[in-house]
Each structure stands twice: as structure tokens, then as C-alpha cells.
Amino acid sequence: MCLAVPAKILHIEGHEAEVDFGGIRRTVSVQLLPQARVGDYVLVHTGFAIGLVDEEEALETLELLRQMGDLEPWEPTA
Amino acid sequence: MNTESLLQRFRDPQLARQLVAEIHALARSPMTFMEFCGGHTHAIMQFGIRQLMPPTVRLLSGPGCPVCVTSQADIDQAIALAQLPDVILTTFGDMVRVPGTQNTLQEAAAHGADVRIVYSPLDAVRLAQDHPERRVVFLGVGFETTAPGVAASILQAEALGLENYAVFSMHKYTPPAMRAILDMGEIRLNGVIGPGHVSTIIGSDAWSFLPEDYGIPVVVSGFEPVDILLTIRELVAQVARGEAKVVNAYGRAVLPQGNRAALDIMNRVFHVADADWRGFGVLPASGMAIRPEYRLFDAAHRFTLPEIPSREPPGCRCGDVLRGVIEPPECPLFGKVCTPDTPKGPCMVSDEGACSAHYLYRSVEIAEPASNS
Ligand code: SF4
């Protein structure tokens, strides 16, 4: 029930936003996320955008992981 | 970059293997971590993450399934509500198959009750608008992730001047259940995998009581395999170093302070109340009741419900599963009389239930037996 799915905001009008879930369009409420703007990625739960998805932060996590992998070569255990 | 390709990178097998190797190298002493959230339980089982762990690392499912922790009495009241004249009972899909003492919502519907599955509480408000002659009740089941949206639906009904919309609030706060598990002392935990989407709302800082009061680390996690492995690696590393901190490993979706606007709306409509949890009993200050100002939209206030002698399904160990005291296969009914097609308890019904996760992905366990290395 706490499932939330990322979507991109295409259009906002008042409390409502049209979003794109990888090809499927839907209207969701942005009432719980007033700072949301067109072009943002948001997490959608039960018809509400509940949080922004920070793309930069995501890329940073991945980059950090890759660097760690480079520094410490690992041995597969299987 | 679109979200799909970004998410794809959190499923990168190379990164996953690297993290698994690091977990194996770091986990020298036995340690047990609980994933609070049922969504994590499903991801962990689906991706076979338990089988990738070294024998020192044990993962345990927690109480993070809102449908599962709903008490039998509340389920029975919800079914009674559906049977009142003029009522359209709206709910998320999981609830309709949960066995009450006498029947399920689905069975009540087969006998004439008007039960409708909705995607959003706003759909229920729309239904109330379209059917002024009926009384529309929404079953408010969920944690902090869900409650703000339900609160918003009440504010919307108020703005529209609707008098035929009401919510039966069974919403619950997650931290009290985590505290209860640790206070009961039935199981020993070395760390907690913090719920990702609950934390989108309440913030990762809301979990600081775990290191402060219980001396154990908590890492807030996303739901992709790399997210979960990264979380476990951080937990293992903290235990190995003798540390206990809050770490947010889901920074792309969770802020330390959470979502202020959502919390404000939630707190405007709900106040803190005691709540009855399956497996726990009444936990003080763990539930969300509708404030007196919004009494018009409170089904508990608007409707007189019969006293029902509630009884949990005989033999069902769901409550023990929710406290992490047993694993689903230890329930004598698991996979025999209780399956997702014939669920005896809510833990087998819900998409977030531990019993359903164990049942659905049991082939993963069989196909890839633990390597024990
Ligand atoms: S397997 Fe079925 S009967 Fe057993 S605890 Fe789970 S839900 Fe209850």
C-alpha cells in the first residue's frame, strides 16, 4: 500500500497535474507537493504526488558506488 | 534521462554483485536486520536477496503492511459499514479479501453490499458528488504515506460542501510499532531497514530514536535491488564498526525532514490517538483519529455500528509474523490451507503481506538454495 511510482509532470493546473508514467498519462493531485514544477519527476501514491525524485542525488549515489567498485576490486564469492 | 533508465541502473547486476561481495566481506559476526516495510519484504523475496546474504546476515520481515496490522475488530466494523443501507463502501483493493470474523467485504458484496475498489480517496469523493442520495464511506487504511492523501480528500469534500462523504480512519503511525517490537524484547535486532515511502513523508530524521534510544542503526532504503543491498551494506558496516546512526540511502526520494506540506495536511485533519494493531494489541499514540472539526466526515462518528464479537482466524499466526517472532513458513497453515487464492489471514492477502511474499516467491528459494558461503 506504500507503493509509490515515479512519473514526470507534464502540465499543472491548480492542484492537478498531468503526469507521464513511462507512456501512460494520468491526472494526479499536487496538493501535497506544492513545490512541484513542470518537468519534475515525482513519486505518485494513491493519486497524489508525495515527493520529488531528485535525479542528481540518484546519479551521485550511483557514481559513488562505481568509484568504490573501482577502488576495491572485489572477488565474486559464488 | 527518463525514470525507467534511471531505475534500470538501480537494478545493475554488476553493482549488485559488488555490494553482495562487500556484505560478505564485512559481516563477520551474526546480525539480524528487520525490514519494517512490506514493500521491502516483497522486493527482498522477489529478487532473492535473502539467498545472496552470508550465513551471518539474517533478514526478518516487520509489521509494515497496513492491511495486515488492521485489527480483526476494525475489519469486522468495516464489513458492518458496507452492509448499512444507502452506503457505498470504497476501499483499496487489498481490503476486500481480508477475512473478517463472519465474512469478507467481497462476500458481503456478493450478498448485496455496494463495495467499490478505488485507486485514490479522491475517486471516493467524486463518487459522493455523483451520488448525492447515497452515503460514501472510504476505508482509511494506511501509514503516513497514505494518510495525507486521505486527509486531503476530507478537505476537498469540505470545500465542495459534500455531506455524504466520510472516512473510517484506521490510519497508523509507523514508529510506535517499531518501538513496540524492540520494547517487547521477543526478538533481538542489530539494525532496521527503514521504510522508504513512509519516510518520504515523515523524513529520515523521524527514525533517530532507533540509534538514540535503542543503540541500533537504521538505514532508510529505496526498493530496487541496488538500493536494498546498499542499505544492508551500510547496516553491516555500522555494526562492524560498532556504530549506530540514521543513514538515508534513499536520498533521491527522502529528505531528512520529510514532506512538510503533506505532514501539515495530515495533522490538520487527524490527531494522535491510541490504535489497535493485529499482533500488538492497543499501542498508545499510534493511530490517527479524525479531529472534532471534521466530525462530519468521520464515519466512526456518523454511523452507529453494531458490537461484533470479533475473533481472529483460527490457527492464523499473522500477529506473530508481524512482530517477527515467526517466519511465514512456520505457520502450520502456510501453503496448505492458506494460499493467496484461499487466504486465512491478512498476511496472505495483502500485496505487502509477508506470507504472500513468501508464498509467491518460494520458487526463488527453491531455484537458488542458499549458497552458505
Ligand atoms: S500463512 Fe495464512 S494463516 Fe498462516 S500466518 Fe500467514 S496469513 Fe495467517
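Analyst: In this predicted model, the side chains of B:Glu224 and B:Arg11 meet in a salt bridge, 2.5 Å from N to O. A salt bridge here is a side-chain nitrogen of Lys or Arg within 4 Å of a carboxyl oxygen of Asp or Glu. B:Glu224 lies in the loop between strand E8 (218-220) and H13 of chain B, and B:Arg11 in the loop between H1 and H2 of chain B, so the pair ties together parts that are 213 residues apart in sequence. Helices (H or I, at least four residues) and strands (E, at least two) are DSSP runs, numbered from the N terminus. Side chains of opposite charge can pair when their charged atoms come close.

The two partners differ in cover. B:Glu224 counts as buried, at 10% relative accessibility. B:Arg11 is partly exposed, at 32%. Buried means under 20% relative accessible area, exposed over 50%, and partly exposed in between (1.4 Å probe, protein chains only).

The residues are numbered from 1 along each chain as its sequence is written, and chains are lettered from A and ligands numbered from 1 in the order in which they are written. Local features need pLDDT of at least 70, side-chain atom pairs count only at pLDDT 80 or more, totals for chains, interfaces and linings use all residues, and side-chain values use heavy atoms, with hydrogens and water left out.

Now to other salt bridges. Over all chains, the search finds 16. One of them joins B:Arg317 to B:Asp320, with the closest N and O atoms 2.7 Å apart. B:Arg317 is partly exposed, at 29%. B:Asp320 is buried, at 19%. Salt bridges that share partners join B:Glu186, B:Arg317, B:Asp320 and B:Arg323 into one network.

Chain A has a salt bridge too: A:Glu18 with A:Arg25, at 3.7 Å from N to O. A:Glu18 is partly exposed, at 27%. A:Arg25 is exposed, at 56%.

What does chain A look like as a whole? From the N terminus on, its elements run β-β-β-β-β-α. That is one helix and five strands. Of the 78 residues of chain A, 42% count as buried.

Where the chains meet, 46 residues of chain B are in contact with 36 residues of chain A. Contact means heavy atoms within 4.5 Å. Chain B and chain A bury about 3700 Å² between them, 68% of it on carbon and sulfur atoms. Buried area is the accessible area (1.4 Å probe) that two parts lose on being put together, summed over both. How many salt bridges cross this interface? The rule finds zero.

Polar contacts do occur there: seven residue pairs, both at pLDDT 80 or more. A polar contact is a pair of N or O atoms within 3.5 Å; within protein, one must be able to donate a hydrogen and the other to accept it, and residues adjacent in sequence count only if both atoms are side-chain atoms. Several helices of chain B each supply at least two residues to the side that touches chain A, including H1 (3-9), H2 (13-26) and H13 (225-241). H2(B) gives the most, with seven residues. By class, this side of chain B has 26 nonpolar, 15 polar and five charged residues. Ala, Val, Leu, Ile, Met, Phe, Trp, Tyr, Cys and Pro count as nonpolar, Asp, Glu, Lys and Arg as charged, and the others, Gly among them, as polar.
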